[in-house]
Amino acid sequence: MAASVLQPGVYPGSRPGGSEDKRVAADLRKEANDLYAAAKYDDALSAYSRCVLADPTDHVAWGNRSACQLRLDRGEDAFDDAERCLWLAPAYAKGYLRRGGAEWRLGRRADARASYEAGLAVEPENERLKEELARLRTRPDTAPRVAAQQAMYRTMVVSPSLDVEGLFELLQEPDRLTNAAVTARAPQLDSLLEYLCATLECDLVVLKTCAPLREAYDRATFACGQLLSSCPGAGSRLNAAPRVVGALRHALRCGWRMEPRARSHGVAKFAANALAVVAASPEADDEIRRAATRHLLGAATQWLVDASPEPDPRPAPSREANAPAPARGRDDVETSASDDDGGEMPTLERAPSRRSDDDDERRERQRVVCGCGALSPRLSAATWLERLFERGVPPWVREEVDAFRDAELLAVHLTVAVRDERAPPLGLPGLARCCAPRLMASSTRVDLFVRPEWRWDAAIRVAGRLDAAPAPAPAASKKAAPAPAPSKKEKAEAKKKADAEKKKAEAPAAKKTSPKAAPAPAAEEEEEDDDF
């Protein structure tokens, strides 16, 4: 599959969600809905996964799969599916219901409340959203202000008592950070890591509005990531290690969204680097490295589906290049003020400054984190998959990739990113080695191509608008051609002839068309299947 997709001439692909794709996906979604109604959630999840692979534009299927994931107590996966649903259909109220349920399961109370409020803004009369929001409003900890106060208390009061600064001093000295040092300080490190994990589990809605918490979140990600990536053996055997890996999974999702990507990408990259190191380490605890592999695969799939382009890391200029410079003070070198005699003072030019070059170098250093300079999730995902397989394919990684439910979706989107956006390619052969038999045995037909300049969600919405657009009138070109104006006599004869032809064709046309009913719109068909 990869070889053909990598050659656009052989496999150009088509717009996602064609008519055949939609027909196959509709059958699969109906099958999945029946399985869900029978409480066969594992089988339903498999059917939904085949459905979204056949038609990745089906936002209802993504929402239903999110509900299925939640039934199986997979909160983070349920959150990812709800996010994909809302990318495709921001006005779909049930998508906010799915996302809020996943956030509640993950312990992010304020985020869940924000999702329900956003859903009611889209559909104010939705009864289920009203019920959920009313339930949450009875709890003080769902208010963003209260959640921020609790997080700030941990940062300002609890942090000094645990000697967090001492931990940072240790982490910034690689020579001291050894397996022996980690083992010797295990009880203290466990207490510190539990505190840092509580910071990493903070609600996203709180992080977006509180700069000090974003700074604390960045430091917590650095501390947890540095410890695991420097000492994957001893670090993965700490009592707090399972919670640390889970908290870094949350950091993978929040990192790109706390601030504009040109500033907050470091959080996501540092978390991904730590999980990639632990996942590939032969010294790490087997359960921890398997969990790290699963978290990295899930995040990579989510990032690859988001095909938004890289933002410009440079700030917007404060004024236009051709705009006149403002007047300066008396201490400045340049000035346009008049002297006492009324004549203009000579303008002195400042010597060329290297400040802009220094700023460019500083931005470039900030752009590259753990060897990754990408500022989009899609290209960054390819980097960390390459990092996972750079030393070969360990047996535990092969097993986890083969068991990963969205391996086909991951392989397709990674292939397209490598082909169209020149993403780092070396993760692709490693992925193929892990799940090639499964991909070859799959009977699902995948015909997917995303233009590199399009956002994934925007491309889907544009495709939907093209499908719904009325056909242009065929007679438009004749009217546009220049022709002499007809006389009054010619107009009268033409009108008389048209009326006669209209009366002649009116009766048989009515007989032919009256028994047929207009087809129901596709959106209504989707809603009929979405009954839970």
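Analyst: Arg84 is found in helix H5, residues 75-88; helices (H or I, at least four residues) are DSSP runs, numbered from the N terminus. This is a predicted model, in which local features need pLDDT of at least 70, side-chain atom pairs count only at pLDDT 80 or more, and totals for chains, interfaces and linings use all residues. Residues are numbered from 1 along each chain as its sequence is written, and side-chain values use heavy atoms, without hydrogens and water.

User: Is Arg84 buried or exposed?

Analyst: Buried means under 20% relative accessible area, exposed over 50%, and partly exposed in between (1.4 Å probe, protein chains only). Arg84 counts as buried because its relative accessibility is 4%. Beyond its neighbours within four places in sequence, Arg84 is in contact (heavy atoms within 4.5 Å) with Trp62, Arg65, Thr301, Gln302, Asp406 and Leu409.

User: What is to be noted about the phi of Ala39?

Analyst: Most residues other than glycine have a negative phi. Ala39, although not a glycine, has a positive phi of about 65 degrees. Ala39 lies in the loop between helix H2 (19-37) and helix H3 (41-54), and is partly exposed at 46% relative accessible area. Asp73, also not a glycine, has a positive phi of about 60 degrees. Asp73 is in the loop between helix H4 (59-71) and H5, and is exposed, with a relative accessible area of 55%.

User: Which residues of H6 and H8 meet?

Analyst: Ala93, Leu97, Arg98 and Trp104 in H6 meet Arg128, Leu129, Glu132, Arg135 and Leu136 in H8.

Note on methods: Helix = DSSP H or I, 4+ residues; strand = E, 2+ residues; numbered from the N terminus.
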